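Work through the exercises below with the sequence and the 3D view open. Each task is followed by a solution in steps.

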Amino acid sequence: MRYRVELDYIGTDFCGWQIQPERRTVQGELETALFRLTGETVSVTGSGRTDAGVHALKQTAHFDLSKEWETARLSGGLNHFLPSAVRVQSVSLASADFHARFDCVEKSYVYLMYRAPERAVFADRAYVVDENIDVSRMDEAAKLFVGEKDFSAFMAGGSDVKTTVRKVTRASVGERGGFIVFEVAANGFLYNMVRIMTAVLEAVGRGKFAPCDVEPIMESGDRSRIKGIAPACGLYLKSQTYKEK
C-alpha cells in the first residue's frame, strides 16, 4: 500500500532532508519512526531535498507498507516516535503510481528576513538585514525572475543537472507581520537557487545593485557576479502542487 504524507519541520539540527550515513536527517528520522511503528524497513521519497538548516512548512513524501494501516493511526504513531522538530500533518492512501518527486509540477519557497537589530527569538528562523533596506526595490527586482529563463548564475557548484532553465511562475517581496518575505514558485529549483536569489535581492535593497541589474546577471550565466549566499536559517519550503491523474 502506498501512502502520502505531509509534514513540517525545523531544519536547524538536521543535515538536510536526504538520508546520509552517520548524519541526522529528516528522511532518516521518518524512516526510523516508520520502522519503530510498523516493524518494516521503509524507504521514504520526498518531493525534493532541503539543505542543512532549511525548514519546511510543508514537505510531501510517499512510502509503501506491506499492509493497510488506518491513516490516523499512522499519523499519530509517527508523531509519537518522531522528534518534536518534525511533525506529520497528514497521512492518506495514495494511488500505487503516485510519486512525491516526479509528479510534482510546482514548488514554492518563502525566505524570511527582518530589519536590524538582531533578535534572539528569531535565531535560526530568519535572517537579520539592514534596518534601512528598501523593500520596494527588492520587489521590483524579484519580478524580473518570473518567466522561463536560464538560472545558471543562481546555482551553487556541486550540482549535476541536465538543464539550468527553470520556469518561475511568481516572485515577490513584501513586509508582513514584522518580516520581509521573499516568496517564489517555480517548476523546479537549482542547488541553492533561492538563497542566491535572496542574496541578490538583499544587495538590491541595500543599493549595491539596481533592480535592472538582475537581468544582465542572469543573462551572463556567471555565478561569480553574485557575492555570497543568504544563510539557510531563513528559508522555508512552503508548498507543492501535483498533477492530476
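Strands here are DSSP runs of E of at least two residues, numbered from the N terminus. By that numbering, Leu112 lies in strand β5, residues 104-115. The model is a predicted one.

**Exercise 1. Is Leu112 buried or exposed, and which residues does Leu112 touch?**

Step 1. The cut-off for buried is under 20% relative accessible area. Leu112 has a relative accessible area of 18%, so Leu112 is buried.

Step 2. Leaving out residues up to four places away in sequence, Leu112 touches Arg125, Ala126, Tyr127, Phe179, Ile180, Val181, Gly234 and Tyr236.

Step 3. For a pair that lies apart, take Leu112 and Phe35: they are 77 residues apart in sequence, and their C-alpha atoms are 35 Å apart in space.

**Exercise 2. Describe how α1 packs against α2, and what covers the buried residues of α2.**

Step 1. The axes of α1 and α2 come within 9 Å and cross at roughly 115°. The crossing is right-handed.

Step 2. From α1, the contact takes in Leu30, Ala33, Leu34, Arg36, Leu37 and Thr38; from α2, Arg73, Leu74, Gly77, Leu78 and Phe81. Sorted by class, these residues are seven nonpolar, two polar and two charged.

Step 3. Helix α2 spans residues 71-81, and its buried residues are Leu74, Ser75, Gly77, Leu78 and Asn79. Their cover includes α1 (26-38) together with the strands β1 (2-9), β3 (55-64) and β4 (86-94).

**Exercise 3. What are the angle and the handedness of the packing of α3 and α4?**

Step 1. Helix α3 runs over residues 135-142 and helix α4 over residues 193-205; they pack at an angle of about 135°, with axes 8 Å apart.

Step 2. An angle over 145 degrees would count as roughly antiparallel, and 65 to 115 as roughly perpendicular. α3 and α4 are therefore oblique to each other, and their crossing is right-handed.

Step 3. Arg137, Met138, Ala141 and Ala142 of α3 meet Leu201, Glu202, Val204 and Gly205 of α4. These divide into five nonpolar, one polar and two charged residues.

**Exercise 4. How many residues has the largest nonpolar core, and which have the most contacts inside it?**

Step 1. The largest nonpolar core has 64 residues, and Phe145, Phe154 and Phe182 have the most contacts inside it.

Step 2. The element that gives the most to this core is α4, with seven residues.

Step 3. A second, separate core has seven residues, among them Val110, Ala126, Phe179 and Val181. From Exercise 1, Ala126, Phe179 and Val181 are also among the residues that Leu112 touches.

Terms used. Residues numbered from 1 in each chain as written. Predicted model: local features only at pLDDT ≥ 70, side-chain atom pairs only at ≥ 80, totals over all residues. Heavy atoms only, no water. Axes fitted to C-alpha atoms, helices over the stretch in contact; angles between N-to-C directions. Helix = DSSP H or I, 4+ residues; strand = E, 2+ residues; numbered from the N terminus. Parallel < 35°, antiparallel > 145°, perpendicular 65-115°, else oblique. Left-handed = near helix turned anticlockwise from the far one by under 90°. Contact = heavy atoms within 4.5 Å. Nonpolar A, V, L, I, M, F, W, Y, C, P; charged D, E, K, R; others polar. Buried < 20%, exposed > 50% of the residue type's maximum accessible area, 1.4 Å probe, protein only. Core = buried A, V, L, I, M, F, W, Y, C linked by side-chain atoms within 4.5 Å.
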